[in-house]
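The sequence and structure come next.

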Amino acid sequence: MTTLWHQINAPAKFNLCLQVLKKREDGYHELLSFAGFTRFGDRLSVCVQRQDKMEYEGPFAGALIRAGGDSLCKKLCRGLREAGYDLPPLHIRLEKNIPLGGGLGGGSTDAAALLRLISDKILPHTLSGEEVLEQAAQIGADVPVCLYPGWQIMTGTGTKRQPVSLAVDSDIPVYVVLANPGLPLSTADIFASLSEYSVSAESQLADYIQQGNLEKIIAIGNDLTAPAVARYPEIARLIEVLGQPHKGFIGAGMSGSGSSCFALTTNKSSAQYLAQGLKKKGIWAHTTEILVSGK
């Protein structure tokens, strides 16, 4: 009998802007962020087996194994079974292309992709859309926004998502240069370093989205950049390199709590040249395109 394997992509997520609005009584923070996804990411292959098994391949497989494996995918399977869903044992092969702990949503987008696959292929007609979102929110703050990759506003602690359409020219692709300096940043430590909070730019963000103005969206800024740069000035230098003006340049910044950074441009050759230059300096970099929408 031939084993039936299911494949699914797990696109990398990046935050074009991120505001920290206040600290809540439960210790978490209220956020406002605008997230996008790329054609670059991880890939999962899944089949039903007699017992759970997880294998890793790809350029960051070794680092993930040393870090203890993909805890969020395992947490998802465990959570579904504890919730009473009849999830069979799964053999999961994860092609790990996204750098670990770098603000590109690697673990979250993997878990979200696995949840989509389970809902569509392994347990079809079992989980409602509301139940899928509920399970996603229980796994991690970034998992709900990663469920359906595309432009999204993130609010609350990051678990509330609002898909939006961006008024951009679909005939002009936007290229993304992703770069990671390999610096270990703790999200909890970066948030703990914040000394002040932002006034919400939600109304401005809505206007910029309606205008399709990516440059102004990025200019809202990322409140976590300053504490990250205070720990590692190399991040500021990386953003400076990514922000070099050129024809087609849109903007650059740090994603999430770092240390991954990004640059947006409509100039493919400039994007490739920028990525190649970073690689020569020993910095991981990849050129890809923005994923407008789709699973």
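For residue classes, Ala, Val, Leu, Ile, Met, Phe, Trp, Tyr, Cys and Pro count as nonpolar, Asp, Glu, Lys and Arg as charged, and the others, Gly among them, as polar. The model is predicted: local features need pLDDT of at least 70 and side-chain atom pairs count only at pLDDT 80 or more, while totals for chains, interfaces and linings use all residues. Residues are numbered from 1 along each chain as its sequence is written, and side-chain values use heavy atoms, with hydrogens and water left out.

**Pockets**

Rolling a probe the size of a water molecule over the atoms shows where empty space is left. A pocket is taken on a 1 Å grid over the protein atoms alone, as an open set of points where a 1.4 Å probe fits, with protein on both sides within 12 Å along at least five of seven lines; lining residues have an atom within 4 Å of a point. A volume is the space filled by probe spheres set on the points, which are joined across faces, edges and corners. Helices (H or I, at least four residues) and strands (E, at least two) are DSSP runs, numbered from the N terminus.

| Pocket | Volume | Lining by class |
|---|---|---|
| Largest | about 1,100 Å³ | 17 nonpolar, 20 polar, 6 charged residues |

The largest pocket is lined by 43 residues, and Ser 108, Ala 141, Asp 142, Thr 187 and Ser 257 lie nearest its centre. Two or more lining residues come from each of β1 (6–23), β2 (29–48), α2, α3, α4 and α6 (187–192). Helix α3 gives the largest share, 4 residues.

In the second largest pocket, the largest share of the lining is 7 residues from helix α11 (residues 268–280). Among the residues that line this pocket are Val 241, His 246, Tyr 273 and Lys 281.

Buried means under 20% relative accessible area, exposed over 50%, and partly exposed in between (1.4 Å probe, protein chains only). Of the 17 residues of α3, 14 are buried, so the helix is mostly covered.

Helix α4 (residues 129–139) has Val 132, Gln 135, Ala 136 and Ile 139 as its buried residues. Seen down the axis of α4, these fall within an arc of 100° and so line one face of the helix; the arc is that of the directions from the helix axis to the C-beta atoms. Their cover includes α2 (71–82), α3 (106–122) and α5 (143–146).

Gln 135 has a relative accessible area of 6%. Contact means heavy atoms within 4.5 Å. Leaving aside neighbours within four places in sequence, Gln 135 is in contact with Gly 79, Leu 80, Ala 83, Tyr 85, Leu 115 and Leu 127.

**Loops**

His 125 is in the loop between α3 and α4. His 125 has a positive phi of about 65° although it is not a glycine, and it is exposed, with a relative accessible area of 84%.

The loop between β8 (249–254) and β9 (261–265) holds Ser 259. The peptide bond from Gly 258 to Ser 259 is cis, with omega near 10°.

Gly 182, in the loop between β7 (175–180) and α6, is exposed at 55% relative accessible area. Gly 182 and Ile 283 are 101 residues apart in sequence, yet their C-alpha atoms are 7.5 Å apart in space.
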